[in-house]
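Have the viewer open as you read.

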Amino acid sequence: MSNHSEPLLCVSDLVVEFDTPAGPARAVDGMALTVHPHELLCIVGESGSGKSVTMLATMGLLPATARITAGQIRYKNRELSSLPAGEMRRLRGRELAMIFQDPMTSLNPTIRIGKQVGEIITLHEPKASKADVKRRVIDLLSQVNIPRPEYRYSAFPHQFSGGMRQRAMIAMAMAHAPALLIADEPTTALDVTIQAQILEVLRQMRERTGSAMVLITHDLGVVAETADRVVVMYSGRAMETGTVQEIFHDPQHPYTIGLLAGLLDMSGTGKTAYTIPGQPPALTRRPSGCPFHPRCALHQGRDICRTTTPVLADSPSGRAACHFANETAAWAAEKFPHIRRGPSGRASQ
């Protein structure tokens, strides 16, 4: 992966609104991110921060109650938000693919696994013979480590375990070796052992195909082990972006530090996990200025936090949307003294 390559996906100033009885709810509010070929980008943030909606907009899978009201979604320099439905369908599955959180709600319980995986092949290759499709499906099931794939080909979803159902979804998503794979919390409902197996399957499949991947997750441990770059989202916006080393060892935004401090302390100091005070704002009643300022320890009543929305490009660090990003290291050192930091402010082991 190289950040010097032309971006595969570029989302800029994206706004997505939902119609609600209380008025438009802005689930995504000026979101920006880029994904480069072959890289793994993780998107993290609290529930409701807009992670999934951003990626559903990218895939053209927003529900009827939602609409893109501003911004651009460019894939290989092609604008997706205005693409005709037929052209978008031709891209989905072949060049863009998505793995959803709960495979049981994504798989049809009345159709055998082999046929469901095969449908994604015949959709884009209608002239493929039945024998060829079956051979390829069995090969895909084998690649995602489903035991006895020839036998499992004829099984129904309820005859698969949760981990096997998720592997079947990965097989479907990777059937055409897409350039970009989006995985929306693909391990949330699985135990830790199965989670590790699913992540390893994803790694192996990406290694074979060279696909870039966007992984949406709440698990910062997974982020630390897998990501090339990270985007931290809050209230529909990118609060901070950086390499996995920068985010974990030199975080610039107080929200990012709050998320990291929320990890259980295993160092034996007896410190309890930190909880960010307050709650994320309602989508129909966002605060003015920085959306995080009502919960932010660095706010301290300063007017600029209430009146001016910070943006990544104009921040002191250049990668955190915070007016006082240069103060976060000192605040973190005082607030979390059990986290040892070097002279530069970087966290150390």
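## Two positive phi values

Lys76 sits in the loop that runs between β4 (66–75) and β5 (78–79). Keep in mind that this is a predicted model. Lys76 isn't a glycine, yet its phi is positive, at about 50°. Most residues other than glycine have a negative phi. As for solvent, Lys76 is partly exposed, with a relative accessible area of 46%.

Ser235 has a positive phi too, near 50°, and is likewise a residue other than glycine. You'll find Ser235 in the loop between β9 (229–234) and β10 (237–243). Ser235 is buried, at a relative accessible area of 5%.

## The α7/α8 pair

How do α7 and α8 pack? Helix α7 (residues 162–173) and helix α8 (residues 192–209) meet at an angle of about 15°, and their axes are 10 Å apart. Angles under 35 degrees count as roughly parallel, so α7 and α8 fall in that group. Their crossing is right-handed.

On the α7 side, the contact uses Gly163, Gln166, Arg167 and Ile170, while α8 brings Ile194, Gln197, Ile198, Val201, Leu202 and Met205. Sorted by class, that contact of α7 with α8 has six nonpolar residues, three polar and one charged.

## Nonpolar cores

The largest nonpolar core has 63 residues, and those with the most contacts inside it include Ile170, Leu202 and Tyr255. Helix α7 supplies the largest share of this core, six residues. Leaving aside residues up to four places away in sequence, Leu202 touches Ile99, Ile170, Leu181, Pro186 and Met213.

There's also a second, separate core of 38 residues, with Phe18, Ala27, Leu83 and Met98 among them.

Key:
Residues are numbered from 1 along each chain as its sequence is written. This is a predicted model: local features need pLDDT of at least 70, side-chain atom pairs count only at pLDDT 80 or more; totals for chains, interfaces and linings use all residues. Side-chain values use heavy atoms; hydrogens and water are left out. Axes are lines fitted to C-alpha atoms, for helices over the stretch in contact, and angles run from 0 to 180 degrees between N-to-C directions. Helices (H or I, at least four residues) and strands (E, at least two) are DSSP runs, numbered from the N terminus. Angles under 35 degrees count as roughly parallel, over 145 as roughly antiparallel, 65 to 115 as roughly perpendicular and the rest as oblique. A crossing is left-handed if the near helix is turned anticlockwise from the far one by less than a right angle, and right-handed if clockwise. Contact means heavy atoms within 4.5 Å. Ala, Val, Leu, Ile, Met, Phe, Trp, Tyr, Cys and Pro count as nonpolar, Asp, Glu, Lys and Arg as charged, and the others, Gly among them, as polar. A nonpolar core is a set of buried Ala, Val, Leu, Ile, Met, Phe, Trp, Tyr and Cys residues joined through side-chain atoms within 4.5 Å. Buried means under 20% relative accessible area, exposed over 50%, partly exposed in between (1.4 Å probe, protein chains only).
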